[in-house]
Every structure is written in C-alpha cells, then in structure tokens.
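This report describes one protein structure.

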Amino acid sequence: MSTKTVGILGGMGPAAGADFARLFVQACAEQLKAGGAAVADQAYPEHWLAQLPIPDRSAALLAPEAAEDPFPMMCTAMDKLQAVGSTAVAMACNTAHAWHERLQQAYPRLQLLHIARVVAESLQQQGHRACVLLATQGTYRIGLYDEALAACGITVHLPQDAERELLMQGIYQGVKADRLDLARACFSQVARAMRLRHGDVPLIMGCTEIPLALPGAPEVEGLPLVDPAWELAQALARVAYGR
C-alpha cells in the first residue's frame, strides 16, 4: 500500500503532542481495516513528531507586547518536518491555529490541516446544528471555531467569562502542572453549567489538554464529547493513505 510521509507539529504542550501521535497511530489502524488491509508494523505510514519548546500561544495572543512570539519556533519545527519529507502536517494545538494562515503561506509545499474546519465538517456530516466549545482564552479571542462552524450551519455556544478563567486554571494549573484531579474538577464544572444551559449538544474539547482530563467525569456522562485532536488525527491518516 502506497503511503505519504506526514508530520506532527507538537510541543504545545508535550503531553498533547505525544497523545496526538498515539491518536494518529490509532486512526491509521482504522484506515487499514476500512480498506481491508492487514494491520501490521510495516503498513503504517512514515510520520514524524517535531516536539519543540514552543512559546505559549495564548500569552502571545492576549499580551503580544509582553510575550515571546511562538511563530519562529513553529517555523523551526516546520523546517524539520519538511526536511524529512513530510507532505502534510497537523498541529497538535488548537490555539496554534491562529498562525495557520501565516504558516501555510510560509510553507506552500506542505499541506497544513486546519483543526476547526475538520471538526466543523465532521459535525455537519453527522447532522448537528449546535454545539458547545470549551477552549483557551486565546482560541476564544481569535474566534478559531466560530467561522468554521458558521460556514457549516452550526451554532456554537461559548462559556461565560468566569467559566473561561476556570478552564484556563484547569489547563495551566491542572494538566500542564500534572494535576489531573484539579483539571477534571475545573473542566467538569464548566461542562455541567453549559449542559444545563444548552442541553445535550456536542461538546467540543477545543484545547488538547481538555481530553486528557474531562472524559469519564460524571458531569459529562452520556454527553457527545468531540475531541478535535482525534478528528484531526483521522484527517491526517486519510491524507497519509491518499484518501
């Protein structure tokens, strides 16, 4: 089976990058099964994870005058992925997509997948008309998902200001500090509030740290949880197998 070499731009943070690589391998296995091929070591496409210490994306969006610009380090990662022959790249970070257009223009030979468009198209295909988005302040600030979801006829419900701060606490003082108990408490509190207000619509876990702590919480039992990283991993696998 012919495959294409693909890349993963990670390091945002490292746990999310490593988890995305796992999801990609899982998505490849599903592609093989769907195509009637045997799942074997040699059937997986060549793929590379560039795990660099990329500066904080939310800080760069919320206070650019005081924060380090992550774009140069992203370019360093893209250079490495291009050098090893990658034809397509997925960014294992939602907020980093604020630099998607700029990166795509800088690397026209690489296909840079867009996480929000992949998620919006998936929800549209499933017939959903509304959803809830849990994400970082940076993602909310740039409206990353708003345009993509609107283009697919999907209404997106966003948390209130205090709830957004709670999400940031779960991301930074929780997952990034290796305190998953705190992260789950923060995320589930916001998810419960959103569920009470908007019902059992799909909940987009729009930061790669959120799926590491929220699934399994009693507050989201029975709720359709959407992991953008999984949707993106499936899209990258389809590209790798030429589908």
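## Terms and model

Buried means under 20% relative accessible area, exposed means over 50%, and partly exposed lies in between, with a 1.4 Å probe and protein chains only. The model is predicted, so local features need pLDDT of at least 70, side-chain atom pairs count only at pLDDT 80 or more, and totals for chains, interfaces and linings use all residues. Residues are numbered from 1 along each chain as its sequence is written, and side-chain values use heavy atoms, leaving out hydrogens and water.

## Cysteines

Cys93 has a relative accessible area of 5% and is therefore buried. Its sulfur lies 6.7 Å from that of Cys207, the closest cysteine sulfur, which is too far for a bond. A disulfide is a pair of cysteine sulfur atoms within 2.5 Å, and the structure holds zero of them. Cys131 is in no disulfide either, with the nearest cysteine sulfur, in Cys152, 10 Å away. Cys131 is buried, at 0% relative accessible area.

## Nonpolar cores

A nonpolar core is a set of buried Ala, Val, Leu, Ile, Met, Phe, Trp, Tyr and Cys residues joined through side-chain atoms within 4.5 Å. The largest one has 67 residues, and Leu134 and Leu214 touch the most other members. Apart from it lies another core of 22 residues, including Ala50, Leu52, Cys75 and Tyr107.

## Helix α1

Helices are DSSP runs (H or I, at least four residues), numbered from the N terminus. Gln26 sits in helix α1, residues 14–34. Its relative accessibility is 37%, so Gln26 counts as partly exposed.

Definitions and conventions
Helix = DSSP H or I, 4+ residues; strand = E, 2+ residues; numbered from the N terminus.
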